[in-house]
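User: I would like to learn how to read a few features of a protein model. Can we work through them one by one?

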Amino acid sequence: MSAIVALKNVVKEYPLGATTVRALKRVDLEIDRGEFTVIAGPSGSGKSTLLNLIGCIDVATSGEVLVGGQNTSSLNDNQLTQLRLRKLGFIFQSFNLIAVLDVFQNIEFPLLLQGGLTAGERQTRVMDVVEKVGLKTQLRQRPSELSGGQRQRVAIARALVTRPEIVLADEPTANLDSATGGSIITLMRDLNRADKTTFIFSTHDHRVMEQADRVVTILDGVVNAQGLSAAADDSAPTGGSVHA
Amino acid sequence: MNMFYMLAGIAWRNVVAHRVKSAIVGTLLFFGTFLVVTGKSLVDSIEHAMAESITSSLAGDLQIYDKNAKDPLQLFSFGGGGEDIGEIPDFPKLRDALAAVPEVRAVVPMGSVNTVVFGSTELDQALTKLRIATRASPADAPNQESQGLLEQVQAIAAQLAEDQKVVLPIAADKVKAQQDLDALVHVNTDAFHQEFASNTESTLDWLDRTIAPLASDGKLMYLRVLGTEMGSFTQDFSRFHIVDGENIPEGKRGFLISKYAYERFVKNKVARELDDMKQKRDEDGLRFESDKALSDQAGRCSRQYARILFMLSPTDARAVLPLLQKELGSEEKDLGALIKDFLLVNDDNFEARYAFFYKEIATRIRLYDVAVGDTLTLRAYTRTGYMRSVNVKIWGTFEFTGLESSQLAGVYNLSDLVTFRQLYGKMSDSQLAELDDIRKSASIKEVTRANAEDELFGAAAEPLVGESAEAKTFDEFAGVDMTAASRSAAELDERVYSKADMENGVVLNAAVVLKDGASATDAKAHIAAAAETAGVPVTVLDWQTASGIVGQLLLVIKGVLVIAILVIFLVALFIINNSMMMATMERTAEIGTMRAIGAQRGQVLALFLIETLLLAVVASGLGAGFSMGLLAWLGEVGIKAPSSQAMFLFGGPRLFPAWSWLNVAFGMGSVSLISLASTFYPALMAARVQPVVAMNPKE
């Protein structure tokens, strides 16, 4: 199985006043296509930073980040934006839906940014994901009219509608109650199995970890351990490796 | 395109979602556009109306005058008219040259001069009538008319004596004041009667010399006279029309007094006050009870009762007395007291008394100091510094249509060019011949400035330091045939002048009327070139510049409008910029999300600009629509000119503004551009938001 994400000797530093904070310390990581991977760790450990680098919304101070075989360090802002648009899908902790657009329009938005599809094609694509996330009856509702779980389903649909190679989810259950969170994780796991889309999470939710093919733990910017979860025993692809 | 629709959709939803911000900015843009469209349309309408009133009344499309003139030409100026605009050296030649300019339809020669007319007092008029009446009948057997007129003179003297008694205690020269009082009292004595019966002529002389000067000073009227060729003027200035009398017949000398001046300066003062009060009541809706200035005016009018009393002949006075007693329901026997009471008008009696005045009193007095058909003596200082008097017949009164109540339009009175030239300082043939005779009889030798030193001090004298041999002097006799035979003044008045006679002489300036649709800019250049080629160089002014202060008034109005627009634009710039900066900060997470899921910087920039543009188009569209509605309504009902000066700006008593698509496009376009400009920086800031901010969880 080929690695869809590869980090080689990645360092990320942030300036903080007169000092510099090193958020990631020489990280090497490979994630295979179709994996359902969890990046776990306590707050401030560097898991979000790692996810941002993989999601091309931040750049490494040094080292290489390869996404879909493309070295992101050499890309400019426009190229990184195109990469995010074509290959990545995002699910945010706070859902981050566009408040003034309804459910359909929120999901359609990335397709419009991509361009090249007719209105009919876009509708088919939107309806396809809407059906998967179970929001057919809420298409014309605004985010403010939806529950937290419904909003996250819209976010998942928006992330999947462009048929990305990788979906990145930053603490997707953090703002949800346990029942809703559980159903969202199940939904994503099902989608992963059905479409073979690579899912990468940052979380410290144990239920998410239980569903993961692999859990990568990170502490103080250093990747400490990796392993296969129970859920991966029978179905998950293998082959990911972590080098501390 | 889909992308644009999506961004426009998001932008519009943002406009609706952020209602308060949109309402504030939208209101500002609404008023901005309303101001721009309404203001610009009003200024355009005023400019159009002014152009119409100025070009078709006096100025023509262009004005020309001597290129080497000392002062600039100003047709309309408040209290001006002393400018030295030189003279057009050879007007016939210039007119011929301009006839070949394709844009020119007509060239109307002009020249203006300030004159003074001395009006007579009521006593003067009564004395004149008395002198005529007594000559018609023997002194020892006076007719009823002269007896009545003598009583009128005595009544005036008695009133003046009462006034003199009030003046006496505070007079500086008490001896003279007492002598005057004694003289006035003497008029009503038996001794005076005997003197008048026995020696009428010398008594009349005494009255003229001693009593007449004690009456209030005669009225001084200042009349600005525009000499022109009346045929061309009548034909080329469409707003000109005769009100009373007739136009000056072609080739004749004469004077047309403006109806405005006639009604305000020549009419009996009491009648004028009553007219003015009626106008204030009818047109301005003022009432004596609520308006102190109007009730004060009624008081002032009442105190002027003598101006009626002195003008009534004894016969008329006897006729008016019972009528007034009946009208006022009074037993009062003193006519003066009755008139005084009658003129103390209020809201209840004004209309009835106004009608009574014109029915019973105005018909018995001389309502105007001079009447159409009279000969008027105009006095002016000539260019040589001498006071010159010219007697000229008043043929009629005139107005410019729509500018009937305009003080500025009414300031000019019209005369033929020969009369103007006499007032200006050009001598008539007879006067020149007379002067020539005097020269010959007095052995006067003409000494030119160039050889003055030689003639006066001997040929060897050195020229004085600083004296220029080329120093210019005014030559009164330039272009005049010195050998013409002398003619009497009466002959000159009756003489019919040819067009050439009228044209061959001094012309100060000329109005150029252009053909319909001709470009004023092209015409200016062509006229200047043609005049230069003809050897008669002139300065060519458009009507705005030629109209002097009035044209500048338009510039002031435009300036105020521009400042108001700039201020509102500046405020809009500041407020829109601020609100969009706040919106950018509030929506950082949303912008970050859009960037994270694949929106380019340019798309974020476009989103913000489209948002403002949509708001601007809607708000400015509403503002422009509201303005168009208002202008369309005002175009129907008109805006009343608040003053006589405004009437000139409005081209008549009301301004009927019109809107144009050009002004609507200008208003909406400028407001939209300002909105975009003020949004650009916040939009740029929004485009710089990093996608990583989407990852920061909300508090």
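Analyst: A:Thr49 has a relative accessible area of 10%, which is under the 20% cut-off, so A:Thr49 is buried. Keep in mind that this is a predicted model.

User: Where in chain A is A:Thr49 found?

Analyst: A:Thr49 is in helix α1, residues 47–54 of chain A.

User: Which residues is A:Thr49 in contact with, leaving aside its neighbours within four places in sequence?

Analyst: The contacts of A:Thr49 are A:Lys12, A:Tyr14, A:Ala23 and A:Leu24.

User: Now a strand residue. Is A:Ile166 buried or exposed?

Analyst: A:Ile166 counts as buried, at 0% relative accessibility. A:Ile166 lies in strand β7 of chain A, residues 166–170.

User: Which residues does A:Ile166 contact, leaving aside its neighbours within four places in sequence?

Analyst: The contacts of A:Ile166 are A:Ile4, A:Val5, A:Val67, A:Lys87, A:Leu88, A:Gly89, A:Thr198 and A:Ile200. A:Ile166 and A:Gly68 are 98 residues apart in sequence, and their C-alpha atoms are 8.8 Å apart in space.

User: What does chain A look like overall?

Analyst: Chain A has seven helices and 11 strands. Of its 244 residues, 55% count as buried. Take the contacts in chain A between residues at least 6 apart in sequence: 69% of them join residues at least 24 apart.

User: Let us turn to aromatic rings. How do I read a ring pair?

Analyst: A pair of aromatic rings is described by the distance of the centres and the angle of the planes. Over all chains, the count comes to 24 aromatic pairs. In one case, B:Trp659 and B:Trp661, the ring centres are 4.9 Å apart and the planes stand at 90 degrees, so this pair is edge-to-face. The cut-off for that label is over 60 degrees.

User: Which residues do ring pairs link into a cluster?

Analyst: The cluster consists of B:Phe233, B:Phe237, B:Phe240, B:Phe398 and B:Phe400.

User: What about charges over rings?

Analyst: Look for a lysine over the face of a ring. B:Lys40 lies over the face of B:Phe666, 5.6 Å from the ring centre. B:Lys278 lies over the face of B:Tyr354, 5.2 Å from the ring centre.

User: How is empty space found?

Analyst: Rolling a probe the size of a water molecule over the atoms shows where empty space is left. In this structure, three cavities of 30 Å³ or more are counted. The largest cavity holds about 70 Å³ of space.

User: Which residues line the largest cavity?

Analyst: Its lining is made of A:Arg84, A:Leu85, A:Leu88, A:Gly89, A:Phe90, A:Pro110, A:Arg158, A:Ala159, A:Thr162 and B:Ile597. Elements of chain A giving two or more residues to this lining are α2 (77–87), β6 (88–91) and α5 (148–160). β6(A) gives the most, with three residues. By type, the lining of the largest cavity has six nonpolar, two polar and two charged residues.

User: And the second largest cavity?

Analyst: About 60 Å³ of space lies in the second largest cavity. Its lining includes B:Phe398 and B:Phe400, two residues of the ring cluster. Also among the lining residues are B:Lys259, B:Tyr260, B:Glu399 and B:Gly410. α10 (259–266) and β7 (387–400) of chain B each supply at least two residues. β7(B) gives the most, with three. The lining of the second largest cavity divides into five nonpolar, three polar and three charged residues.

User: How does the second largest pocket read?

Analyst: About 690 Å³ of space lies in the second largest pocket. Its lining has 23 residues, and those nearest its centre are B:Arg264, B:Asp276, B:Gln279, B:Glu283 and B:Ser405. In chain B, α10, α11 (269–282) and α27 (644–650) give two or more residues to this lining.

User: Which element gives the most to the lining of the second largest pocket?

Analyst: α11(B) does, with five residues. The pocket lining divides into six nonpolar, four polar and 13 charged residues.

Conventions. Residues numbered from 1 in each chain as written. Chains lettered and ligands numbered in written order. Predicted model: local features only at pLDDT ≥ 70, side-chain atom pairs only at ≥ 80, totals over all residues. Heavy atoms only, no water. Phe/Tyr/Trp six-rings, centres within 6.5 Å; stacked < 30°, edge-to-face > 60°. Lys NZ or Arg CZ within 6 Å of the ring centre and 35° of its normal. 1 Å grid on protein atoms, 1.4 Å probe; cavity = no way out; pocket = protein on both sides within 12 Å on 5 of 7 lines; lining within 4 Å. Points joined across faces, edges and corners; volume = space filled by probe spheres on them. Helix = DSSP H or I, 4+ residues; strand = E, 2+ residues; numbered from the N terminus. Nonpolar A, V, L, I, M, F, W, Y, C, P; charged D, E, K, R; others polar. Buried < 20%, exposed > 50% of the residue type's maximum accessible area, 1.4 Å probe, protein only. Contact = heavy atoms within 4.5 Å.
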